[in-house]
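Dear colleague,

Please find the structure below, together with a short account of what was found in it.

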Amino acid sequence: MLAWQDLITAALVVASFCYATWSLMPARWRQILTGAMLQWPLPAWARLRLSKATAGGACQCDGCEQSSPAHAAEKKIFFMQRRP
Amino acid sequence: MARTMEPTFTQRSGPFTVALVGNPNCGKSALFNLLTGARQKVANYAGVTVERKQGEAQLADGQRLVVVDLPGAYSLSPATPDEQVMRDVLLGERAGEAVPDLIVAVVDATNLRMNLRLVLELRGLGRPMVVALNMADVARANGLAIDTARLAQELGCPVVQTVAVKAHGHRDLLHALGPFFAQSAAHYGAQAPQAPAASNAADLQAQVRRILALVAPIAPARARFQHRLDAVVMHPVLGLVVLAAVLFLIFQAVFSWATVPMDLIKQGMAAVGDWTTQSMAPGPLRSLLVDGVIAGVGGVLVFLPQILILFFFILLLEDSGYLPRAAFLLDNVMGKVGLSGRAFIPLLSSFACAIPGIMATRTIANWRDRLATIMVAPLMTCSARLPVYALLIGAFVPERSVAGLSLRGLTLFGLYLAGVVSAMAVAYVFKRVWMKSSYQPLMLELPPYRYPSLRNLAQGLWERALIFLRRVGGIIFSLMVILWFLSTYPAPPARWDASQGPAIAYSAAGILGHALQYVFAPLGFNWQISIALVPGMAAREVAVGALGTVYSLSAADSGVADALSPVLAASWSLATAYSLLAWFVFAPQCLSTLAVVRRETNSWRYPLLMAAYLFALAYAASWLTYRLTLWLGGAGG
């Protein structure tokens, strides 16, 4: 029988593997994967999170999250709004 | 010659779009940040924004606006790819993007003579327009009195004074935008812009002179202090001495100022490691936390103070207006190796990260010059290399002074210099052999010197800290967990004991490391280094965390989780350490950079070529360094 340490460790390893794969995969693959996953009956918050995650990704350094110049017009960037 | 622009009314849906347009370095991005609450990078030099950015603002009546920040341009006739972005958006020639409903022409109030030319061209588009007279406070301080009412009359559109960096005037600007949209929320003009008539620069300048004579007849002389400063800073000999002194100071500070906060983080990580070891029963989770997370992730986190000190100086130089002068100073050097003087700013951006540097090459008009700059950008020492350099310097370079300067700081300066010299040498070869083009003279607008804005500085440092922490908590954490797993399993056989070697040797990572050692042994790399280089492909600083995890799992006690430096100093030769430093000066270890090169060049040819030449250079440089150090007697250690 697995001890609780084994279970938590396994969960952490699997989650880390999924995160690293998602972050490092080419943006186009990520978009295709997201498109397929959005077909599933997911709750609204999960759909929103998934849509946002598609735009980001990569290794989160300067500029990694910049949209492609070819798609700059199609990808909208929304920021926190400051009231006047 | 006043003209008014009345909007036409057609059916439309969605929020109105406002485009911020203006000359480079007139404060568009600062105004954009102010209107939308965004945190776009701003700096005191031209060419910071190379792509359109979008955010949301709200009028006093609650109506929402989409605000688009466009790259700076001097004219509607584009000379560079970033200027083309501005023109395409304004003329509705960008795929999937509607023509902006209104143009906010951002004007540097201290330099109307240059800025008004573009405003006059924009007026020719026949679109509704508001002029934001930015940096109005500096203009006033310089003794420049601008008759805004008369200027509005001459331009035929409202003129509002703003001071974007001090958060002044944006409410007035939003107030001025209101009437354009208030007439009907559902019906508003979206007529096609008129194609800009071929403008004669001399005619435009004559119009500018006429308007200036009316609205700002007394032009103040430029501050004498600035002239005196430029005489030193841009002197062909003294200027280079000043530049070298500034860079020296930065690298000294990176080591000397960071000691206390780094020690505090180290002590904190050690305390967390000890506490975890004492409070948990032995098992895989404890090993993961102590050997994987604390030794790996903690080992990278320690370098946060050094990265922030480096960026403190970079932001300070950006905001002061010194950087374009350094570009001017180095134009001669850049020209000799065949690079455009405009390559300086992209190469300088690459000190933070090669990705924004490669994107900033869009300001270079000539394709061959641009390609050459892209190809050498990864040779500039990005901040991800700093943890690797700092770790190895801390372990192998003694803490002593040479002529009053820290030897460690000097070594770091040497490594940065090695990156720059290599980039110049590679550019020289590329431009002579492959990407031949004639010398493109540098034309750069020199901004006035300004006191750095504390707000920009604090915001910039905060952003850098967040980026670093997100990397540590995201990709670095996940790779460390995976590496721990691969370094722990398969477990050693049941009859294994410590005398047969470390347990990690039986793991997947251990087997991979021993296999890779055949490739890297000529460079003096052991199997632990060979393992660390693999996850380092995702991000260079991961190599530091990986070394922490691998050595922690190789050691009998948990001391490695507390301090990696002494362990490396005891197990590596000096030749190995220098060889690894040489490897990291050239190594193509950043997948994201290669992906961005593919995107910017629209071809796999160039990133593959880049990876191949960087790998070959890294291997050759490491081999030479290793052999040379051994020959000089650097085997001990």
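Two strands are said to pair if DSSP finds at least two bridges between them. Helices (H or I, at least four residues) and strands (E, at least two) are DSSP runs, numbered from the N terminus. This is a predicted model, in which local features need pLDDT of at least 70 and side-chain atom pairs count only at pLDDT 80 or more, while totals for chains, interfaces and linings use all residues. Residues are numbered from 1 along each chain as its sequence is written, and chains are lettered from A and ligands numbered from 1 in the order in which they are written.

I begin with the strands of chain B. β2(B) (residues 53–58) and β3(B) (residues 64–69) form a hairpin with 5 residues between them; in its turn, G62(B) has a positive phi of about 90°. These two strands run antiparallel and are joined by 6 bridges, with E56(B) opposite V66(B) of β3(B). β3(B) is also joined to β1(B) (residues 16–22), here in parallel and through 5 bridges; A19(B) stands opposite V68(B). Of the 6 residues of β3(B), 5 are buried, so the strand is largely enclosed by the rest of the structure. A residue is buried if 20 or more other C-beta atoms, placed from the backbone, lie within 10 Å of its own.

Helix α19(B) (residues 454–488) packs against α22(B) (residues 542–554) at an angle of about 30°, with the axes 10 Å apart. That makes the two helices roughly parallel (angles under 35 degrees). Axes are lines fitted to C-alpha atoms over the stretch in contact, and angles run from 0 to 180 degrees between N-to-C directions. Residues of this contact include L479(B), L483(B) and W484(B) of α19(B) and V542(B), V550(B) and L553(B) of α22(B), where contact requires C-beta atoms, placed from the backbone, within 7 Å.

Helix α12(B) (residues 304–320) also packs against α19(B), at an angle of about 145° and with the axes 9 Å apart. Among the residues in contact are F311(B), F312(B) and D319(B) of α12(B), and R464(B) and F468(B) of α19(B).

Finally, chain A has 3 helices and 0 strands, and 20% of its 84 residues count as buried.

How values were computed:
Angles under 35 degrees count as roughly parallel, over 145 as roughly antiparallel, 65 to 115 as roughly perpendicular and the rest as oblique. Two residues are in contact if their C-beta atoms, placed from the backbone, lie within 7 Å. A residue is buried if 20 or more other C-beta atoms lie within 10 Å of its own, exposed if 12 or fewer, and partly exposed in between; C-beta atoms are placed from the backbone.
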